[in-house]
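Here are my notes on this structure, as numbered points. Please read them with the model open.

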Amino acid sequence: MTTWKWVFPISSIFVGFFSTVSPAWGKMNVLATTTDLAALARAVGGERVDVVSLTSGRQDVHFVDPKPSLIHQARRADALILVGADLEAGWLPPLLSSARNGKILPGAPGHVDTSKAVRLLDAPGARVDRSQGDVHPQGNPHHWLDPRNAAAAAHFIQARFARIDPEGRSYYKGRADDFERLIEKRLSEWQARLAPFEGRRVLTYHRSWDYFARRFGLVVAGELEPKPGIPPSAAHLAKLVRKIKDERISILIKEAHYETQSARFLAERTGLRIVELPLSVGGAPGVETYDQLIDVLTEKLRGAFQEAGG
């Protein structure tokens, strides 16, 4: 015990030093837990950063295997950008523990939790336990699907990059401002695409689309999962059949990594249209940047509503 009392303060000094030193040796090494955050990091960091995503655009980010290759990436990172709100809680802590890189631990400038930049929806507001399913106590973590949240996250990233690399402060600020202007310019176009369907009720498989729906005037009427992370039961699907018919719901939004049997069951009995959408950058061909992601989502949904009868 005596040894650890002495070692901890000394190690803290070194963590603090390396957490604030400018990466004068070359580009800043940036890790992102998702492809969306990697896209934001590239938009903000430009030529001053090398960015790697720990996951793919088609992956369920709730469940990731912290492989040795990911641990190696974490060991050499100057910054780690995460979604936060416990989205990565099942796999990121053991990865950070194995990497032993003080620059990206919680509390260090290089630990960039973008959930701190936005207002989270659906915070339970009471004690949470496993009987409620995979509930996130801080709120719904899928905040990146609101473009204005993405702009806020970009500015949050910019401020942290500037702390790690003070010489690039004005560069990062300028690029974050450019990204926000791009989002504001495109937002009116995206909203116009879905404006004719404002107030339409949709089903989703998981509670992934609440931020997107709120921004674009849609109403999430329910989910295929009876509780977050719990597969649909026969009884729950039967209730949804009645709900779809009673409320004239025509669209189900799901991600590719969820099973299709339940969605097909509902479609066969109600005529519900299944719309498979990419949740992240890289989740579909041609979706390589954040604005391309929102472009594809709004265009595919407009087409689905039109084909379903407006």
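At what angle do α3 and α4 pack, and how far apart are their axes? Point 2 takes this up.

1. **Basis.** This is a predicted model: local features need pLDDT of at least 70, side-chain atom pairs count only at pLDDT 80 or more, and totals for chains, interfaces and linings use all residues. Residues are numbered from 1 along each chain as its sequence is written, and side-chain values use heavy atoms, with hydrogens and water left out.

2. **The α3/α4 pair.** The two helices pack at an angle of about 65°, and their axes are 9 Å apart. Axes here are lines fitted to C-alpha atoms, for helices over the stretch in contact; angles run from 0 to 180 degrees between N-to-C directions. The crossing of α3 over α4 is right-handed. By definition, a crossing is left-handed if the near helix is turned anticlockwise from the far one by less than a right angle, and right-handed if clockwise. From α3, the contact uses L70, I71, A74 and R75; from α4, it uses L95, S98 and A99. Contact means heavy atoms within 4.5 Å.

3. **Overall make-up.** The protein chain has 10 helices and eight strands. Helices (H or I, at least four residues) and strands (E, at least two) are DSSP runs, numbered from the N terminus. Of the 310 residues, 49% are buried. Buried means under 20% relative accessible area, exposed over 50%, and partly exposed in between (1.4 Å probe, protein chains only). The chain exposes about 14900 Å², with carbon and sulfur atoms supplying 53% of that area. Accessible areas come from the Shrake-Rupley method with a 1.4 Å probe; for residues, only the protein chains shown count as cover. Take contacts between residues at least 6 apart in sequence: 67% of them join residues at least 24 apart.

4. **Buried side of α4.** Helix α4 spans residues 92–99, and L92, L95, L96 and A99 are buried in it. These four lie on the same side of α4, because they cover an arc of only 95° around the axis. The arc is that of the directions from the helix axis to the C-beta atoms. Their packing partners are α3 (68–75), β3 (79–82) and β4 (111–113). Just after the helix, R100 has a positive phi of about 55°.

5. **Strand β3.** Which way do the residues of β3 point? A79 and I81 point one way, L80 and L82 the other, and all are buried. Strand β1 (residues 28–32) runs parallel to β3, joined by three bridges. V30 has A79 as its bridge partner. Three bridges also join β3 to β4, again parallel. Here L82 is opposite D113. Two strands count as paired if DSSP finds at least two bridges between them.

6. **The β6-β5-β7-β8 sheet.** Four strands make an open sheet in this order, with parallel pairing. At the edges are β6 (219–223) and β8 (273–276), each pairing on one side only. Neighbouring strands are turned by 35° against each other on average, direction ignored. Three bridges link β5 (residues 201–204) to β7 (residues 251–254). Within β7, I253 stands opposite T204.

7. **Helix α9.** In α9 (residues 261–270), the buried residues are S262, A263, L266 and A267. Their arc around the axis is only 135°, so they sit on the same side of α9. Cover for them includes α8 (234–247), β7 and β8. The face turned away from the buried side carries exposed Q261, R264 and E268.

8. **Two loop residues.** Are H143 and E47 buried or exposed? H143 is in the loop between β4 and α5 (147–164). It counts as buried because its relative accessibility is 1%. Beyond four places in sequence, H143 touches V83, T114, S115, V118, L120, N149 and Y211. E47 is in the loop between α2 (35–45) and β2 (49–53). E47 is exposed, at 59% relative accessible area. Leaving aside neighbours within four places in sequence, E47 contacts K27 and Y171. E47 and K27 are 20 residues apart in sequence, and their C-alpha atoms are 7.7 Å apart.
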